[in-house]
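What follows is what I noted in the order I looked.

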Amino acid sequence: MSRRTLLLLLAAAGCLGDLVEDGAQYYPDGTDSAGGSSTMAGTSMGSGDSVETVTGEVPTTTLGPDSAASTTGEGLPDAGPVIVSFAFEPEVLHEAGSAQPVAVVSEDVVELSLQLGGVEKWAGPPPTIAWKFEATSSASDGEYTFVLVARDGEGEEAMAEAKLWVSLPASGTEKCQFEEDAGSGWLAAAEYGDEALVVAGALAKPALEATVWRLDPNSCQPQAGYPWAISQWTEAPLVVPPSQAVGLATDELGRMAIAANFGSGLQRRPYVAVLTPQGALEWEIVGPVGQTYSGIAAVPGGVVVVGEQLVNEAPPQYDGLVESFDLEGTKLWTDTLAAPLPGDDWDDGLNIFDEHPRGVAWSEQAKTVMVVGERYIKAEDDKTRLRAFSVQYSANGSLTAAWTSDGLDSTDDGLVTVTRCGEELVAGGWIQNEQSARAPATRWLDLSGNGEQKRRLDALEAAVLPGLACDREEKFTAAISDPVTAYVAGYRTSDDPFLYKLEFPSAALRAASCDARGFCAVAGLQGARPWARVHHP
C-alpha cells in the first residue's frame, strides 16, 4: 500500500478534509519504503464501546532498526494513537536469517505490543521494536500474521497487521560451493568467523604449502588477497616446503590461529601461527623435529594445540603432545601423554603403546580443555587394541580426568574430532570390529569425557567421521569419508534418522563448521583440488 493510498483511507474515515494534501508533501507517490505488506487500523479504541475516528495532521514517528523518533507534526487533542504503517523488512525470507518489524506511529504512542497468534512476542516503548523474527530451518516455513498494538497515555489503542512469508530450502540444500582452481591440494580445517568462512589446508603451486582462504559466507568466493600461503606470511627461515595446515581456530580477538606441520617423514616439525583477518603475522612458533600437530582450539586467553611426539624411530612410536600458548605467543604449558593414564590397570614400562591426540575443544561448562584421540592399549585378551580416549586439562595444564573406550561397541574404535553443542561436547570418529571395515561413530561426552553412554553408530562401510559441527538449533553436520566417496549427513541426536544424507563421489571431507545463522560448511577435496560446500540448515 502506498503512503498516499494510506492517507486517503484516513480521510475517508472522517479525518480532516485537507489531510491528503498535507500528507502528500511527506509521502510522495510510490510504495512504502518498508517494502512489507501491512494493514493499518484507522481507529482508536477507548475505554467505552464507542469508536472514534482518527483526526489530526500526519504523524511521522518511525520505529525500526536503529531508528530514533522523529516528528514533523502534532496531532489534534484527543486524537488517539495512530499506526501509519507496519511491515517486516524483508517481507519474505528465502533462507535462514532474520526479519525486522518496522512501524511508523504517532508521537503520542507510549507503548507498543507485538503479537503472533494471540501470544505477545515483545512489548516496550517506542521508538524501536527490539525484536526480530528468526528463521532457522524448514520447520519455520509458512505465512505469519503479526499484530501491532499501539497505546497512548490515556489507554487508547490502535492496531495494525503485517504479514511475513517464510519459504526456506530443505535442510542440506546447497547454498554455495568453493573449489580452488589454481593448483592441487586439500582443505583440512574450517572455521566460521564474524565476516568470513575461513578454511585452511595445503596448496601446491607448485610446491605444497600450508594455505589459508577467507571465503565470503554467502557466495563462497575468496576474499581479496586470498589464498594466502605460509611463504607469504612467515618470518621464520626454517619454514620450507612441503607444509600443510591441519587445524584452525578463531581466537577471542578475532584472529586466525593456524596449526601446521612442515617437512616430511620423521623429520617433520610443528608450527603454530596467529594472523590478523588481513593475513598479517601476529606471532609464530616453530617446534622441534619429531613433533607434529593435528588440531587447535581457542581457549580463554590463548590457544591449545594437540599432536604427537616421536619417541622411537625403529619402529616409529609416539606419545601424545598437548601445548598451550597465550594471546601473545608465549608457551604457557606443555604435557606429554603416555600410558598409564588415569583409569589404566596396566603399565607401559617400555613405552610401546602409542597415543595419538586428534581433536581439542574448550568446555565452557566444565571450564576445561577436552582432548580426544586414539591410543593403543593392552586389552583383556592380551591383544593390542586401538581405542578412543579423552583427557581433560584445567586452564593451567593440570590433567584432571581421562577416559578410554572399553570396546563396548566394537573391538577397536577411535575419535578424530570434538565440538561444542550447547553445553555438551560431542566427538566424531569410527568403530571397527575385528577385521571388518570401519563405520562412523558420534559420541556425546559427559563432564568426565566418557563417551560410552550416549552414542550414534551409522552403517556406512569403510567410513570415518573426521568433521563434526553443531548449528544454532543443535542439529549436527557430519563430514564423513570412505576411500572413494564423501558423505554429508545431518541429524539431531543419537536415535534420530538422517535429516539428509548427501553423497559426493571422488571427494573426501575432513572438517565442518556452522555459523551463527545456522548455515554449515564442510571442507576437504574434490578430485585433487581444495573444495568446500555450504548448505542450508
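I took a disulfide to be a pair of cysteine sulfur atoms within 2.5 Å, and I kept in mind that the model is a predicted one. A search of the whole structure under that rule gave me 3 disulfides.

I began with Cys176 and Cys220, whose sulfur atoms lie 1.9 Å apart in the disulfide that joins them. The link of Cys176 and Cys220 is right-handed, with 60° about the S-S bond. I noted that this pair connects distant parts of the chain, 44 residues apart, with Cys176 in strand E13 and Cys220 in the loop between strand E16 and strand E17. Buried means under 20% relative accessible area, so Cys176 at 6% is buried, and Cys220 at 1% is buried as well.

I went on to the disulfide that joins Cys421 to Cys470, with an S to S distance of 2.0 Å. This disulfide of Cys421 and Cys470 is right-handed because the torsion about its S-S bond is about 45°. It too links distant parts of the chain, Cys421 sitting in strand E30 and Cys470 in strand E34, 49 residues apart. Cys421 counts as buried at 3% relative accessibility, and Cys470 counts as buried at 15%.

The remaining entry on disulfides concerns Cys514 and Cys520, whose sulfur atoms are 2.0 Å apart. I read a torsion of about 100° about the S-S bond of Cys514 and Cys520, so that disulfide is right-handed. Cys514, at 17% relative accessibility, counts as buried, and so does Cys520 at 2%. Counting the bonded cysteines along the chain, I wrote down the pattern 1-2, 3-4, 5-6.

I then turned to the second largest pocket, for which I have a volume of about 380 Å³. Its lining consists of 16 residues, and Asp345, Ile377, Arg387, Ser405 and Asp406 are the ones nearest the centre of the pocket. I divided the lining into 6 nonpolar, 3 polar and 7 charged residues, and found that strand E27 (368-378) and strand E29 (399-404) each supply at least two of the lining residues.

Last, I looked up Asp409, which is placed in the loop between E29 and strand E30 (412-421). Which side chains does the side chain of Asp409 meet in a polar contact? I found Arg443 at 3.1 Å and Arg455 at 2.6 Å. Leaving out residues up to four places away in sequence, Asp409 touches Ile431, Arg443, Glu452, Arg455 and Leu457.

Terms used:
Residues numbered from 1 in each chain as written. Predicted model: local features only at pLDDT ≥ 70, side-chain atom pairs only at ≥ 80, totals over all residues. Heavy atoms only, no water. 1 Å grid on protein atoms, 1.4 Å probe; cavity = no way out; pocket = protein on both sides within 12 Å on 5 of 7 lines; lining within 4 Å. Points joined across faces, edges and corners; volume = space filled by probe spheres on them. Helix = DSSP H or I, 4+ residues; strand = E, 2+ residues; numbered from the N terminus. Nonpolar A, V, L, I, M, F, W, Y, C, P; charged D, E, K, R; others polar. Polar contact = N/O pair within 3.5 Å; in protein donor to acceptor, adjacent residues only side chain to side chain. Contact = heavy atoms within 4.5 Å. Buried < 20%, exposed > 50% of the residue type's maximum accessible area, 1.4 Å probe, protein only.
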